[in-house]
Amino acid sequence: MDFTPSEEQSAAQGLAARIFGDLSTHERLTAAGSGTDAELWKELCAAGLPAAVEDIGLLGLVLLLEEQGRTTAQVPFAATCVYGLLAVAEHGTAEQRERLLPGLRDGTAVATGAFPARGRVHTAEDGALYGAVPWVPWLRDAAHVLVADADLALWMVEASEPGAEACAAGVTVEPVETTAPWSAGRLVLDGVRGERLGNGPEAYAAVLASARTAFAGLQAGVCAGSLARAVHHTVTREQFGRPLSTNQGVLLRAADAHMDTEAIRVTAYEAAWRHDERRACAAQALTAAWWASEAGKRVVHAGQHLHGGIGADLDHPVHRHFLWGRQLDAYLGCGSEVLEELGLLLADSAQGNAS
């Protein structure tokens, strides 16, 4: 395995770091509330970063999402790339790629996914979709929603703005506030017809593995940003005439958080690398998702704790990392769920090898 970024991946990561660092400031995030920073999204798309994902692969996307996570930038980057660009590029027909990819590349069309499948959406005999998904990230911004039905078939559904027109079209989008400000919504499908993407459960499993890997990369960035803020605070804040960082308990807590962050990062890198090399990566994606959940929440809790009482301030920047970390902890499956899934996968694999 070699996780060394290519020249193209390094260039894209550097550009993303500059744009996120310049535009995703605490003041702008506060002004955005729970919605998308439209100007930042426009800048990212003008720089060609979403379009670059097709060339730099899932590992490149993980690198870009790390930079987003460091600043908790409120843009639908991960959702559009995973449920839109990569899903269509890898599982769409030639006609679907030609029609859907241009808008996803230039950012004029935002995509999201009603994942994971939990049996809430059913397909009728005539192909119409019925059901409701309690919350879908970035749904309020989305033009396309990748929906997984109870049989694990994938359907690309055209979304509309919240309101009566959406309901009349068979798609209702109801705004929902989540732990992290992800411009989420409740999706209600009432006889809407989507277009099939891929070949059923195999395509679903592939997209879910990519999503888990990508959002683990986002969690690595969130944790890195939280830890960086905690380090800065403990180095500059003095207690009894010396910096907080000189206390052994503080050092050990920060060191544990650093190791947890590195574990999230390296497992996400491995899963993404295997995906790009066309190797089996289901177990690795689940491993990355487990670390992102279990270690991720430890890190963001540590980040708040190391800030002392300041960390409890809802307006403090570190609290935003805490909210994102807890949202990512449970999105696409919490630690116990993905661990059970990983155990079943390994058991089936061992049984298959034995037979």
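Colleague: Before we start, what pLDDT do local features need here?
Modeller: It's a predicted model, so side-chain atom pairs count only at pLDDT 80 or more, totals for chains, interfaces and linings use all residues, and local features need pLDDT of at least 70. Residues are numbered from 1 along each chain as its sequence is written, and side-chain values use heavy atoms, with hydrogens and water left out.

Colleague: How many salt bridges does the count come to?
Modeller: The rule asks for a side-chain nitrogen of Lys or Arg within 4 Å of a carboxyl oxygen of Asp or Glu. By that rule, the count is 17.

Colleague: Which helix holds both Arg99 and Glu95?
Modeller: Their side chains meet in a salt bridge, 2.7 Å from N to O. Arg99 is partly exposed at 39% relative accessibility and Glu95 is too, at 44% (buried is under 20% relative accessible area, exposed over 50%, partly exposed in between, with a 1.4 Å probe and protein chains only). Helices here are DSSP runs of H or I of at least four residues, strands are runs of E of at least two, and both are numbered from the N terminus. The two residues sit 4 apart, so about one helical turn separates them, in helix α6.

Colleague: How many residues apart in sequence are the parts that Asp126 and Arg193 tie together?
Modeller: These two side chains form a salt bridge at 3.2 Å, N to O. Asp126 lies in the loop between β2 and β3, and Arg193 in the loop between β7 and β8, so the parts they tie together are 67 residues apart.

Colleague: And is Arg193 buried or exposed?
Modeller: Asp126, its partner in the salt bridge, is partly exposed at 45%. Arg193 has 53% relative accessibility, so it counts as exposed.

Colleague: What is the distance between the closest N and O atoms of Glu294 and Lys297?
Modeller: This pair is 3 residues apart in helix α10, so about one helical turn separates them. Lys297 is partly exposed at 24%. Their closest N and O atoms are apart by 3.8 Å.

Colleague: Which strands stand at the edges of the open sheet?
Modeller: The sheet has 4 strands in the order β2-β3-β7-β6, with antiparallel pairing; strands pair if DSSP finds at least two bridges between them. Each edge strand has a single partner, so one side of each lacks a neighbour in the sheet: β2 and β6.

Colleague: What is the bridge partner of Val133 in β7?
Modeller: β3 and β7 run antiparallel and are joined by 6 bridges. In β7, the partner of Val133 is Leu187.
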